[in-house]
Amino acid sequence: TRSLTITSVDQTMFEKAQGEKVTLPCTFELSEEDEGPLDIEWVLIPADNQKREQIIIMYAVDRIYNHYYAAMTGRMQFTNVDPRSGDGSLDILNLKAADTGTYQCKVKKAPGVQSRKIQLTVLVKPARTKCSIEGSQEIGKDVTLKCVSQEGSPLLSYDWRRVSGTQHLPATSVLNKDTGELLLKNASQEYSGTYNCVASNRVGTDECSVELNVTPPVNTAGIIVGAIIGTLLGLSVLCSLIFCYCKKQREKKYEKEVHHDIREDVPPPKSRSSTARSYIGSNRSSLGSMSPSNMEGYTKTPYSQVPSEDFERAPAQNPAFAPSKVAAPNLSRMGAVPVMIPAQSKDGSIV
């Protein structure tokens, strides 16, 4: 008994780059015995056997159903708008790395049933490739040129070439195509120039360049001496600033202390009015201590007038009174008013 047959059996593996389009073939032929309804299913078989198959698109009862697999919604379609013609191939647009997997085409028309598996690998082209230099670019030193792609599916391969001058790499160079490192041993000035790196895989390439400039060794001794001298000069300036600051603070502190001592030790000068008040108070205290018998010679003394400073002179300079035989103490220095003591003569009269 003859049944339907899938005729597209030539290619079962596809490799495409991310962003491209792929057509997974699935053509078939029907037999006269196949009288049931035509069903075409495309299924994604996961790599993990524990997971179930996922229907991504289906044709049944003259209708297309493409809403089963959200990850490919809007990016897949049947190649032929009418799969009944014998073409159930599938187009996937704008491929992504997540589209990698095993796809199976199932054709059913009772009593015939046939299926076919296709392996799809979506590769990412190398991108954002960066070149750099590691090591000292001095004569006689070893220099390493590095090349790394930030994106790209394995297996990535790297290749270096010299752009300026001769196209050949130096004789002492060692290239690692897997890591992208180019080692230049015992570099000389002839090694200077522009170097170009090409990163590639099965679906694309990407490039970057770097400029190598090999120079004579730097005079490190002079740099060290200059650094030491600069450090010493900086320290001397810093010490000078600290010394000036401390000296100024000491001067300010000394001025404050001297000013404070002057204000505390020097009393304010006396005014004339205070002198007069002292004089009157002294006379009153003297009169209060005298007896009535001694008050006769002082009833005529005027106290209404304020004495001048001349009154405080020594009693010897006052012509109104004659000194007695008994030496009296200098009362003006003691702050008291001089008192005249009456004396009795031989005839009984008061002198």
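Which residues does Ser157 touch, not counting residues up to four places away in sequence? In this predicted model, they are Lys177, Val198, Ala199 and Ser200, where contact means heavy atoms within 4.5 Å. The model is read with local features needing pLDDT of at least 70 and side-chain atom pairs counting only at pLDDT 80 or more, while totals for chains, interfaces and linings use all residues. Residues are numbered from 1 along each chain as its sequence is written, and side-chain values use heavy atoms, with hydrogens and water left out.

Ser157 lies in strand β14 (residues 157-162); strands (E, at least two residues) are DSSP runs numbered from the N terminus. With a relative accessible area of 28%, Ser157 is partly exposed, a class that falls between buried (under 20%) and exposed (over 50%), using a 1.4 Å probe and protein chains only.

Ser89, in turn, sits in the loop between β8 (76-78) and β9 (90-92), and counts as buried because its relative accessibility is 5%. Its side chain makes a polar contact of 2.7 Å with that of Asp87 (N or O atoms within 3.5 Å, one able to donate a hydrogen and the other to accept it; residues adjacent in sequence count only if both atoms are side-chain atoms). Beyond neighbours within four places in sequence, the contacts of Ser89 include Leu24 and Trp42.

Leu24 and Trp42 are also among the residues with the most contacts inside the largest nonpolar core, which has 27 residues (buried Ala, Val, Leu, Ile, Met, Phe, Trp, Tyr and Cys joined through side-chain atoms within 4.5 Å). Elements giving two or more residues to this core include β8 and β9. A second, separate core of 18 residues includes Leu156 and Tyr158.

Conventions
Helix = DSSP H or I, 4+ residues; strand = E, 2+ residues; numbered from the N terminus.
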